[in-house]
Amino acid sequence: MEQIVLVEMVLGAWNKYIEQLDDFFDNLPDDDFDLEVYPGKNRVRYIIGHLTAVNDGILSLLGAGEPLYPELIDEFLIKSYRAGSSGHSINDLRIYWRNVNRTLTIYFSTMPLSEWFEKNAGISEEDFLREPRCNKLNIVLTKTHHLVYHLGQLTLLNSKIRKMAS
């Protein structure tokens, strides 16, 4: 019973922040995706690509398959956000974002409870014996924290956009 509650809490938080990011990305005009959150820092275009690439990597960590968009890894995980403009259109990035998160939602909803507490693919059996919290559920928990961090950046930007408009 406690495991069910724990999984539901983590997935509830994940879904909440994915929805908030969906709303932000859906309602932001394309031209605003090139705004910097803070001078010299992440642009919205980078954040959506970065979050998509990170979330896409969750599939492999859960042992659910390869990333859907491996071409995003170099641009949004390896290179700096200062590397320049993306070769991906805003429309493509929105589609990739939705597809990755839809795939994860389906996978999460079909995953048996016991599997959430198994080791993730990024850790050895030996290390997992020492660190049993390095399980699949913890992957979603840590990636949820990552979503919240970037959502905070976007919330600050959104307030700046509103001030500029008024």
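Tyr96 is buried, with a relative accessible area of 14%, where buried means under 20% relative accessible area, exposed over 50% and partly exposed in between (1.4 Å probe, protein chains only). This residue is found in helix H4; helices (H or I, at least four residues) and strands (E, at least two) are DSSP runs, numbered from the N terminus. The model is a predicted one, in which local features need pLDDT of at least 70 and side-chain atom pairs count only at pLDDT 80 or more, while totals for chains, interfaces and linings use all residues. Residues are numbered from 1 along each chain as its sequence is written, and side-chain values use heavy atoms, with hydrogens and water left out.

Leaving aside residues up to four places away in sequence, Tyr96 touches Thr52, Tyr69, Glu71, Leu72 and His88, a contact being heavy atoms within 4.5 Å. Tyr96 and Thr52 are 44 residues apart in sequence, and their C-alpha atoms are 6.8 Å apart in space.

Thr52 leads on to helix H2, as one of the H2 residues that meet H4. At 1.5 Å a residue, the 18 residues of H2 should span 26 Å, and the end C-alpha atoms are 26 Å apart, which agrees; the expected span is 1.5 Å times one less than the number of residues. Of the 18 residues of H2, 15 are buried, so this helix is largely enclosed by the rest of the structure.

Two packed helices are described by the angle between their axes and the distance between the axes. Here axes are lines fitted to C-alpha atoms, for helices over the stretch in contact, and angles run from 0 to 180 degrees between N-to-C directions. The axes of H2 and H4 come within 9 Å and cross at roughly 30°. That makes H2 roughly parallel to H4, given that angles under 35 degrees count as roughly parallel, over 145 as roughly antiparallel, 65 to 115 as roughly perpendicular and the rest as oblique. The crossing of H2 and H4 is left-handed, a term used if the near helix is turned anticlockwise from the far one by less than a right angle, with right-handed used if clockwise. On the H2 side the contact includes Arg45, Ile48, Gly49, Leu51, Thr52, Asn55 and Asp56, and on the H4 side Tyr96, Trp97, Val100, Asn101 and Phe108 are among the residues involved. The residues of this contact of H2 with H4 divide into 11 nonpolar, 5 polar and 3 charged; Ala, Val, Leu, Ile, Met, Phe, Trp, Tyr, Cys and Pro count as nonpolar, Asp, Glu, Lys and Arg as charged, and the others, Gly among them, as polar.

Helix H3 (residues 71–78) packs with H2 (residues 44–61) at an angle of about 120°, the axes being 9 Å apart. That makes H2 oblique to H3. The crossing of H2 and H3 is left-handed. In this pair, Arg45, Tyr46, Gly49, His50, Thr52, Ala53 and Val54 of H2 meet Leu72, Glu75, Phe76 and Leu77 of H3. By class, the contact of H2 with H3 has 6 nonpolar, 3 polar and 2 charged residues. His50, found in helix H2, counts as buried at 12% relative accessibility. Not counting residues up to four places away in sequence, His50 touches Phe76, Leu77, His146 and His150.

Helix H1 (residues 2–27) has 26 residues and reaches 38 Å from its first C-alpha to its last, close to the 38 Å expected at 1.5 Å a residue. Among its buried residues are Val7, Val10, Leu11, Tyr17 and Asp22. H1 and H2 pack at an angle of about 145°, with their axes 12 Å apart. The contact is made by Trp14, Ile18, Leu21, Phe24 and Phe25 of H1 with Val44, Ile47, Ile48, Leu51, Asn55 and Ile58 of H2. By class, this contact of H1 with H2 has 10 nonpolar, 1 polar and no charged residues. The crossing of H1 and H2 is left-handed.

Two loop residues complete the picture. Gly63 lies in the loop between H2 and H3 and, just after H2, takes a positive phi of about 75°. Gly63 is exposed, with a relative accessible area of 59%. Between Gly63 and Asn120, 57 residues apart in sequence, the C-alpha to C-alpha distance is 7.3 Å. Ile123 is found in the loop between helix H4 (90–110) and helix H5 (125–130), and at 13% relative accessibility it counts as buried. Apart from residues up to four places away in sequence, Ile123 touches Phe128, Glu131 and Cys134.
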